[in-house]
2 protein chains.
Amino acid sequence: MNVLEKIVTSVNNFSKSERKVADVILANPQTTIHSSIAALAKMADVSEPTVNRFCRRLDTKGFPDFKLHLAQSLANGTPYVNRHVEEEDGPEAYTAKIFESTMAALDTARQRVDIPMINRAVDVLTQAKKISFFGLGASASVAHDAQNKFFRFNVPVVCFDDIVMQRMSAINSAEGDVVVCISHTGRTKNLCDIAAIARENDATVIGITAYDSPLAKECTLVLSLDVPEDTDMYMPMASRVAQLVLIDILATGFTLRRGSKFRENLKKVKDSLRGSRFEKKDFAS
Amino acid sequence: MNVLEKIVTSVNNFSKSERKVADVILANPQTTIHSSIAALAKMADVSEPTVNRFCRRLDTKGFPDFKLHLAQSLANGTPYVNRHVEEEDGPEAYTAKIFESTMAALDTARQRVDIPMINRAVDVLTQAKKISFFGLGASASVAHDAQNKFFRFNVPVVCFDDIVMQRMSAINSAEGDVVVCISHTGRTKNLCDIAAIARENDATVIGITAYDSPLAKECTLVLSLDVPEDTDMYMPMASRVAQLVLIDILATGFTLRRGSKFRENLKKVKDSLRGSRFEKKDFAS
DNA sequence: GAAGATCTTGTAATTAAATTACAGTTTGCG
DNA sequence: CGCAAACTGTAATTTAATTACAAGATCTTC
């Protein structure tokens, strides 16, 4: 774990003097890494050995080692903060902020994602007779993307962003079919219904949605992402990117599971597109 | 600049002994940050002052300061490397790799993105009479997503993933209309045609595509992302995520440009969805 | 509520690490 | 070939960090 986070979480285990040290470090982390133990001790108004003990308590070898860890946390943490776009931001500012907060979201997603669950989802998908991707609104494009990916695997895959079609498809599903329902909040009533119907018809339902949501309750298997979304803008941004990456992961797991022979198929699909494209050499000449 | 990169680039300015030091550090950077100057000097088979001089040459205050910089470079670099998925990777491995390489791609995209061009694109979009998003294959889902976003702004927006519809729409476009063509490679013939047709009909054409591609040539304005794509898998993954983030940026720029009054509209759109959802409180009870 | 025990904190001594000063050696150039 | 500049190492010095120990605070138990 990040040293900075560690300081914050274990603030209760500190003694009075150690807390003084923690406060000073948290207030000026950048200064800390360029200070000597004496300077820091003075700033925190404690003795040098106290600072040293503080470092040891955080499982570092001593002050120099602590500074190293702190420097790494700082390097990692700085570009990852979830910064909000402000009214007066110029193009540089909001561009940087959106990139950074998306990256931050992916980072948290990476840390929180349930890998055994991904593995189970891949299991289920590889054995599916038919795969259906359902999403509404912003999640519809994620469903489309998933269809596009899995279509290349030469497995029966469908995708609907229309409630009626989704409903019909769900009713017609059978054992061995896999239905993937995508919704960030997991509170879209229609999609919950679809999941329930699919399950009643013995399909396996994978939910890419918030853990503990109504939709999650209807699913056989839930892949939760738990990305902190910037709700100020009223648009799902980072969450949907995380969903796409999750689709990438499932697709990758799928190909790996199917083995190398199967992957030749992918190349065939790609080659088949060639006719509709300008070749690189054509264009260069 | 990153210290590690700095070592690599300035390797020619080093003396013989200093190069020995550089080699050892580059070979075991992680070990270096936990070594004393004496240990490192021994490893490189040079004297301690030589190591110190080496550090100074890299614009650091001395060995401890150098270690700090190195630690930061390492922290920044490690999660950002573009790691390829291997045949024998398990779920943890490929999940981590895909997250990391996606983040790495976003990072390069962030660095390379042309901000004045984004600003011009936002200009054009805010003044558009009608906005059309066109994409084919994997880029179609990006176009859908863009439609979903801009639709909330209460501006006329359409999206087609069908060549015929795209063509008709392009033919019917007029001055003041904006057509956004999305393609990672920029070599899809059909889409190039669409761009050309739209331009002939006085529409402004924004290309979200590779700089220097056939499609780019047909556009009024090109937003290039230049994300290094892992072509081994034959699937656009990171590039498409970067495209989505770019859409987010354009949408954000759009709302900011329109001002706060306009943003109340967004809230209205969001509130209108409420009826179709389970409320949080409903579910909790 | 007081005595013992434990935990916390600081002072001073020690040790370890890094830096500087200086001198010997090598290398390049006229 | 010889001078000068740059490179490198040894040894001394300085600086920083750690340890050992003792004094003080806090907590427990009778």
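The exercises below concern a predicted model, and each task is followed by its solution.

**Exercise 1. The sheet of chain A**

Work out in which order the strands of the open sheet in chain A lie, and which strands are at its edges.

*Solution.* Begin with the general idea: strands of a sheet pair through backbone hydrogen bonds, either parallel or antiparallel. Here five strands of chain A line up as β2-β1-β3-β4-β5, with parallel pairing. Next, look for strands that pair on one side only: these are β2 (157-160) and β5 (221-223) of chain A, the edge strands. On average, neighbouring strands of the sheet are turned by 20° against each other, direction ignored.

Now zoom in on one pair. Strand β1(A), residues 130-135, is joined to β2(A) by four bridges in the parallel sense. I131(A), for example, has V157(A) in β2(A) as its bridge partner.

**Exercise 2. The wider contact between the chains**

Find how many residues of chain B are in contact with chain A, and which element of chain B supplies the largest share.

*Solution.* Count both sides: 63 residues of chain B are in contact with 63 residues of chain A. Then list the elements of chain B that give two or more residues, among them α7 (91-112), α9 (138-151) and α14 (260-272). The largest share, twelve residues, comes from α7(B). By type, this side of chain B has 32 nonpolar, 16 polar and 15 charged residues.

**Exercise 3. One residue: T252(B)**

Is T252(B) buried or exposed? Find which residues it touches.

*Solution.* First locate T252(B) in helix α13 (residues 238-258) of chain B. A residue is buried if 20 or more other C-beta atoms lie within 10 Å of its own. T252(B) has 22 of them within 10 Å, so T252(B) is buried. Leaving out residues up to four places away in sequence, T252(B) touches V85(A), Y94(A) and I98(A). Within chain B, the C-alpha atoms of T252(B) and V122(B) are separated by 9.1 Å, although these residues are 130 apart along the chain.

**Exercise 4. The DNA strands**

Name the residues that come nearest to DNA strand C and those closest to DNA strand D.

*Solution.* Of the 18 residues around DNA strand C, the nearest are S15(A), S17(A), S36(B), I37(B) and G62(B). DNA strand D is surrounded by 18 residues, and the closest are S36(A), I37(A), G62(A), S15(B) and S17(B). The elements that each supply at least two residues near DNA strand C include α2 (16-27) of chain A and α4 (37-44) of chain B. Near DNA strand D, they include α4 (37-44) of chain A and α2 (16-27) of chain B. The surface near DNA strand C has seven nonpolar, seven polar and four charged residues.

Notes:
Residues numbered from 1 in each chain as written. Chains lettered and ligands numbered in written order. Predicted model: local features only at pLDDT ≥ 70, side-chain atom pairs only at ≥ 80, totals over all residues. Pairing = 2+ DSSP bridges. Axes fitted to C-alpha atoms, helices over the stretch in contact; angles between N-to-C directions. Near = placed C-beta within 6 Å. Nonpolar A, V, L, I, M, F, W, Y, C, P; charged D, E, K, R; others polar. Buried ≥ 20, exposed ≤ 12 C-beta atoms within 10 Å, placed from the backbone. Contact = placed C-beta atoms within 7 Å.
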